Structures are given as C-alpha cells and as structure tokens.
Amino acid sequence: MDLIPHPRHVTAYSEEDGFTLTAGTVLAAGPGTEAVARWMRGVLGAATGLAFAPGERSADGVVRLAIDEHVPGGPEAYRITVDPSSGVRITGAGPAGVFWGAQTLRQLLGPDAYRRAPLGRGRTWRVPALHLQDAPRFGWRGFMLDVARHFMPKDVVLRYLDLMAAHKLNVLHLHLTDDQGWRVEIRQYPRLTEVGAWRTRTKVGLRESQVWDERPHGGYYTQDDLREIVAYAAERHITVVPEVDIPGHSQAAIAAYPELGNADVIDTTELGVLTSWGVNPNVLAPTEDTLRFYENVLTELLEIFPGEFVHVGGDECPKEQWQSSVTAKDRIVELELKDEDELQSWLIRHFDRWLAERGRRLIGWDEILEGGLAPGAAVASWRGYSGGIAAARAGHDVVMCPQSHVYLDWRQSEDPDEPVPIAHARTLEDVYRFEPVPGDLTEDEARHVIGTQANAWTEVMDSVRVVDYMAFPRLAAFAEVAWTPLPAPAERDWPGFERRMTTHYARLDALGVEYRPPGGPRPWQRRPGIPGRPKPGPPPVG
C-alpha cells in the first residue's frame with residue numbers, strides 16, 4: 001500500500017483477502033456525506049465505470065460513508081475498514097474526514113482510479129482488507145499558485161484544486177495581483193482589469209536575461225469565475241485565500257489608476273504594467289484615497305471569498321519614493337511616526353483592523369511584523385524561519401513557508417539541464433526532510449504554527465506544463481510533511497518514501513501531470529539559452 005501521505009495507523013490483513021468492487025456494489029451515504037458520494041460517483045465512477053448506485057445492502061457489498069464525531073484527531077480525521085465479505089466503511093469525524101477517506105480509497109484502488117474513463121480491459125477493482133485510522137498534523141496545508149506573473153486560465157486552477165485534493169492539501173493561496181498583472185474583476189474599478197490585467201510583453205527568464213516574448217500577455221477572472229473556483233474548492237474541502245498586494249508589488253494597479261502612486265515623485269501616468277521581474281520601486285502612496293480604494297477592493301473580495309483569512313502581501317516594499325515624497329513625509333509627521341518603515345506598518349495595521357471589524361483575519365508575509373500587529377493577524381514566514389519564530393513568540397499564528405525549503409520555483413537539482421535554474425537546489429528529498437516547526441519554540445509557542453505551505457512563483461513558469469514540472473513530485477513530498485506526523489528530518493524513511501513514489505508516479509501519469517522524472521528533465525522540459533540565477537551549495541537556513 002504505497003499511500004501518500006502515509007496514514008498514521010494502518011493494519012493490513014492477509015494479502016489474499018480483500019474486497020472487490022463490482023457493478024452491483026452500492027454506495028450508502030449517511031447524513032452529511034452526500035457531497036462526498038457525489039464526488040465518488042463523478043470521479044471514481046468515471047474511472048472505474050461503476051455506478052455506485054444508492055443502497056443500504058447488496059449481495060455485491062456496500063461502500064458505506066458515515067460521520068462519527070468521536071473519530072479521534074479533529075474534523076478532518078477518518079478511519080477506513082475493508083471487510084472482504086461486506087465491503088468498505090469510511091467514517092469521518094466530519095464531512096472533510098469522509099472526503100479524505102475517499103481520497104485514500106482512490107489510492108487503494110490503484111493508479112487507474114485516477115483516469116477519467118475506464119480503460120475497457122475488464123479491470124478488477126480490488127481493495128486490500130485493512131483497518132486504517134488517520135488525521136492531519138496541521139490544519140493549514142497550503143499551496144500558493146501565483147497567477148499574477150503568468151495568468152493561468154480558470155480550468156488550470158480547477159485542475160490544481162483536484163491535484164491538491166488528491167494530496168489532502170486544503171488551502172489554495174491564490175496570488176491575484178502584482179506589478180505584472182491584476183487578475184480579479186473589481187466592479188467599482190473596471191480599469192484594474194481593462195488596463196492592469198495586460199502587459200505589452202514579458203521578460204523570458206529573470207531580470208538579467210536578454211530574451212523577450214513580444215506577445216502581449218494577460219487575463220483575469222470575473223467575479224463569477226472566482227465564485228465557481230471557491231465553490232469547486234469547497235466541494236473538495238479546500239479553502240481559497242486571496243492575496244491582493246499592499247503597498248508594494250502594486251504597479252499594475254497604479255498603471256490603471258495613477259493617483260494610487262507617488263505622483264509627487266514620479267509621473268505615474270507614464271507607468272504601464274511591469275514587463276520584467278524583481279523588486280520594484282513603484283509602490284502605493286500612503287494617502288486616505290489609497291486606503292478608501294483598497295477598502296472598496298476588499299469589500300468586493302469579501303463577497304466572493306468566505307474564508308477566515310485575506311492575504312495582503314506586505315513584502316518587498318522599497319521606501320525610496322516615500323523618502324522623496326512630501327505627501328509621505330507629511331503623513332509621517334501627522335501620524336507621529338518615526339520613519340517610512342513605521343509608515344508601512346501603520347498602513348498594514350489599518351487593514352488589519354478593517355478586516356477584523358468585518359470578522360476576517362489578515363495574513364501577510366513576514367515583513368508585516370515590523371512595527372507590530374493586532375493580535376488576530378497571522379504571518380506567512382517566507383524569509384526562513386526567523387519571522388515565524390518571532391511571530392509565534394509574539395502570540396501570532398504562523399504559516400511556515402520558508403523559501404529555503406518550499407519555494408517550488410527553486411531548481412530541483414544541480415543538473416545543468418534544469419530549466420531556468422533559480423537559487424539553490426531543493427530536491428525531492430530536501431522537501432521530504434522539511435520540518436515546519438522550529439525546534440527552539442516552546443510547546444506553547446509551537447501551537448501558533450497552524451500550518452505550512454509550498455509556494456509556486458511563476459515568473460519563469462509560463463505554462464501549466466512548466467508549473468507541473470516545478471511543482472511535482474515535490475508537492476507530493478510536501479503533502480506528506482503537512483499531513484503526517486513524521487520523525488525528525490534526519491530520521492525520516494527516505495528510501496521508503498522513494499519506494500512509495502514509484503507507485504505515485506503512475507498516479508501522476510494517469511492524471512496527466514508532467515512532473516520532473518527522477519532521472520532529470522526530459523528534453524522538452526529543458527530551457528536552453530534562458531539564463532537563471534543558480535547559487536551553489538545548500539541554502540542558508542535562518
């Protein structure tokens with residue numbers, strides 16, 4: 001049973017014993033499990049050709065779904081019992097637990113259960129006899145998809161939600177705005193998508209590359225598109241967390257509405273949507289008009305995204321324009337602040353309070369710690385562990401996503417054929433040995449680490465094929481880290497995980513995922529002539 005993520009407890013019975021699903025096997029969906037039953041009929045039914053007709057008993061056995069809040073491990077916990085004579089029983093502590101149990105059943109059925117239609121070979125769908133009990137380590141098991149740098153059509157997002165569900169990941173962090181594009185329809189401000197969603201050309205590779213794609217690039221999601229994405233995610237027990245960047249990474253918004261920028265320093269009417277990459281000096285002006293603008297943006301977002309958290313970015317905000325701006329200097333004096341760093345903190349705290357008043361919570365990259373936060377705000381620690389440690393010690397919830405371990409745009413090996421190699425090599429084994437909770441946190445402090453997340457920044461990922469290559473198989477290793485309570489990194493069973501991956505590659509093949517093979521990139525996955533920015537040796541960890 002090459003399950004990924006590996007369950008907490010599993011007892012397998014005789015290898016000869018098992019239960020075979022047939023055309024006569026019925027599906028009994030207890031109260032609260034109806035959505036999981038729909039998913040099984042739609043997905044497992046399509047792959048197997050079995051009807052999973054409703055029913056309580058059958059001579060060909062039953063797949064029974066039930067909720068029992070006493071299943072230990074929280075609302076996402078589940079257990080599976082497979083009896084050779086009677087069938088399969090999946091019991092979850094809540095609907096999410098039943099759904100994750102159904103995902104495990106899919107793995108038990110074999111790689112062909114990941115296809116969209118049966119292969120027509122008289123396939124026998126046999127489940128091994130076992131008792132399995134499982135629950136996740138973390139409540140936030142996230143994947144960040146950057147659709148601002150390279151727009152990904154709605155169907156790609158829906159596909160990645162299915163891939164996340166198959167790996168028991170439950171938070172999609174959707175990075176919707178940046179200097180290079182604004183991807184969400186805001187009805188009060190139509191120029192955000194009329195202008196801000198499109199750039200004239202795109203740098204191929206990082207800033208030092210001399211290669212350009214001269215085609216215009218862009219796109220955006222209508223509000224109904226996003227409602228569809230949110231609903232599709234909810235059916236898979238995935239929460240979508242939107243990110244709208246404030247106050248840096250905002251040139252696309254300024255291109256659409258120049259008054260948002262520091263017009264007393266530069267001619268903001270001349271700014272277009274950024275066509276290259278890197279930290280950008282064109283940031284929002286710290287004015288009351290800017291606050292009202294983004295309050296209106298967030299008001300529309302809150303109607304679309306019902307989850308607890310809203311991500312406001314807060315990272316990489318150069319202060320040069322503020323240092324030259326009379327408006328910014330006057331603001332610092334008016335608010336009795338010390339400097340431009342405190343001005344950024346004031347701006348973030350404003351939206352922290354604004355969201356809290358509406359029953360939501362702000363989360364931002366670890367720079368938002370500088371200057372202090374309201375108690376309810378959470379921190380995504382990306383510049384290593386130090387920001388997360390500081391946040392946890394200050395009583396803030398933390399999502400650990402250090403670039404040194406789980407930035408999926410970093411290269412996957414030292415192989416010179418890795419496409420557009422960025423930073424240090426982070427192999428599948430490196431990700432498998434990632435530990436989200438730093439050892440120097442006390443037990444009480446460690447409780448503030450509510451989860452972990454892997455981030456796919458798409459500056460050099462210009463198609464879903466490239467995203468697949470960079471995300472997989474590393475996202476499978478990350479999923480196990482996020483779900484399963486593993487031993488200390490050095491004590492983890494890497495050979496065992498590598499063996500289980502042999503079966504998992506067949507699942508990914510059936511799903512059509514263009515992952516990086518263990519032996520290195522296939523010829524068409526390379527990008528000769530496009531320079532990267534590789535760094536030698538292991539990354540610094542701090």
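Which residue in E9 is the bridge partner of Val82? The legends below, all drawn from a predicted model, begin with that pair.

**View 1. Strands E6 and E9, side by side in an open sheet.** The partner of Val82 is Leu130 in E9. Strand E6 (residues 78-83) and strand E9 (residues 130-134) run antiparallel and are joined by five bridges.

**View 2. Asp146 and its polar contact with His175.** Asp146 belongs to strand E10 (residues 140-146). With a relative accessible area of 0%, Asp146 is buried. Its side chain makes a polar contact with the side chain of His175 at 2.8 Å. Setting aside neighbours within four places in sequence, Asp146 also touches Ala456, Trp457, Thr458 and Glu459.

**View 3. Ser209 in a loop between two strands.** Here the loop links strand E15 (202-204) with strand E16 (211-213). Ser209 is buried, and its relative accessible area is 1%. A polar atom of the Ser209 side chain lies 3.1 Å from the backbone nitrogen of Val211. Beyond four places in sequence, the residues that Ser209 touches are Lys203, Val204 and Pro531.

**View 4. Met40 in the largest nonpolar core.** This core has 167 residues, and Met40, Trp182, Leu192 and Tyr294 touch the most other members. Helix H3 (residues 154-166) gives the core its largest share, nine residues. For a closer look at Met40, count out residues up to four places away in sequence: its contacts then include Leu27, Phe52, Val63 and Leu105.

View 5. At the start of H17, a side-chain oxygen of Asp493 comes to within 2.9 Å of the backbone nitrogen of Gly496. Along the way, H17 bends by about 35 degrees at Thr502. Gly512 follows the helix, with a positive phi near 80 degrees.

**View 6. The buried residues of H17 and their packing partners.** Among the buried residues of H17 are Phe497, Arg500, Met501, His504 and Leu508. An α-helix has 3.6 residues a turn, so residues three or four places apart point the same way. The buried residues of H17 pack against helix H2 (95-108), helix H13 (428-432) and helix H16 (474-483).

Terms used
Residues are numbered from 1 along each chain as its sequence is written. This is a predicted model: local features need pLDDT of at least 70, side-chain atom pairs count only at pLDDT 80 or more; totals for chains, interfaces and linings use all residues. Side-chain values use heavy atoms; hydrogens and water are left out. Helices (H or I, at least four residues) and strands (E, at least two) are DSSP runs, numbered from the N terminus. Buried means under 20% relative accessible area, exposed over 50%, partly exposed in between (1.4 Å probe, protein chains only). A polar contact is a pair of N or O atoms within 3.5 Å; within protein, one must be able to donate a hydrogen and the other to accept it, and residues adjacent in sequence count only if both atoms are side-chain atoms. Contact means heavy atoms within 4.5 Å. A nonpolar core is a set of buried Ala, Val, Leu, Ile, Met, Phe, Trp, Tyr and Cys residues joined through side-chain atoms within 4.5 Å. Two strands pair if DSSP finds at least two bridges between them. The bend at a residue is the angle between axes fitted to the seven residues ending there and the seven starting there.
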